[in-house]
Amino acid sequence: MLKKIIIADPKRAAIFAGIILTVVIAGIIGGVFFLEKNKTAEENNPENQPQIYEALTQMKDEKNSDPVEDAKSSMKSGDVLAIFPEGHLWSETERISHLILKLKLKQEDADKLVQPSFAKATAGEAGEASEQEIVRARKYRLKIEKLDFDMKKIWTGGGQPFQDKVFGEDMVEEK
């Protein structure tokens with residue numbers, strides 16, 4: 001059964017309804033402004049914006065006679081040894097031993113360049129829970145073979161060949 005609501009003072013009821021309506025509208029407007037502010041803050045977060053990094057890159061394959069150990073620990077051509085925001089002060093040894101490339105990437109993509117590739121480790125003797133182990137020194141690499149540069153010129157102190165060029169994420173590939 002529905003009970004009938006009796007309004008004793010219509011003027012007070014109208015004021016009450018107006019207040020409720022005003023609070024609801026203010027809440028909606030405040031929510032929209034809050035969501036827009038958070039969206040703008042997320043877009044302006046430096047981690048979400050591409051920036052220029054300098055990547056210290058291996059030019060020549062390292063070799064180990066054990067193929068498993070070679071994959072796990074030997075750096076290969078195009079592997080990134082270290083990556084820093086543009087303007088990093090590289091040592092003389094780093095400048096003459098490796099290729100330094102500028103890349104415009106998001107921070108999460110730059111961080112991936114120095115991560116190894118993992119796989120599940122085999123279970124231990126007592127049936128221990130298996131953990132991850134490194135199977136490759138780097139999961140990603142830079143496609144430096146498509147660049148035209150002379151390694152010997154870098155090694156003899158001739159300077160970095162791409163100091164003024166900034167590459168994009170198209171230089172990165174998963175192994």
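Start by selecting Glu-54, Gly-87, His-88, Trp-90, Arg-95, Ile-100, Lys-102, Gln-160, Phe-162 and Gln-163, which line the largest pocket. A pocket is an open set of points on a 1 Å grid over the protein atoms alone, with protein on both sides within 12 Å along at least five of seven lines; lining residues have an atom within 4 Å of a point. This is a predicted model: local features need pLDDT of at least 70, side-chain atom pairs pLDDT 80 or more, while totals for chains, interfaces and linings use all residues. Residues are numbered from 1 along each chain as its sequence is written, and side-chain values use heavy atoms, without hydrogens and water.

The largest pocket holds about 170 Å³ of space, the volume filled by probe spheres set on the points. Color its lining by class: three nonpolar, four polar and three charged residues. Gly counts as polar here.

Next, select the open sheet. Its four strands run in the order β2-β1-β3-β7, with mixed pairing. Strands are DSSP runs of E, at least two residues, numbered from the N terminus; two of them pair if DSSP finds at least two bridges between them. β2 (80–85) and β7 (166–167) are the edge strands, each pairing on one side only.

Zoom in on β1 (residues 51–57). Five bridges join β1 to β2, and the two run antiparallel. Pick Ala-55: its bridge partner in β2 is Ile-83.

Finally, show the whole chain. Of its 175 residues, 23% are buried, meaning under 20% relative accessible area with a 1.4 Å probe, protein chains only.

Key
1 Å grid on protein atoms, 1.4 Å probe; cavity = no way out; pocket = protein on both sides within 12 Å on 5 of 7 lines; lining within 4 Å. Buried < 20%, exposed > 50% of the residue type's maximum accessible area, 1.4 Å probe, protein only.
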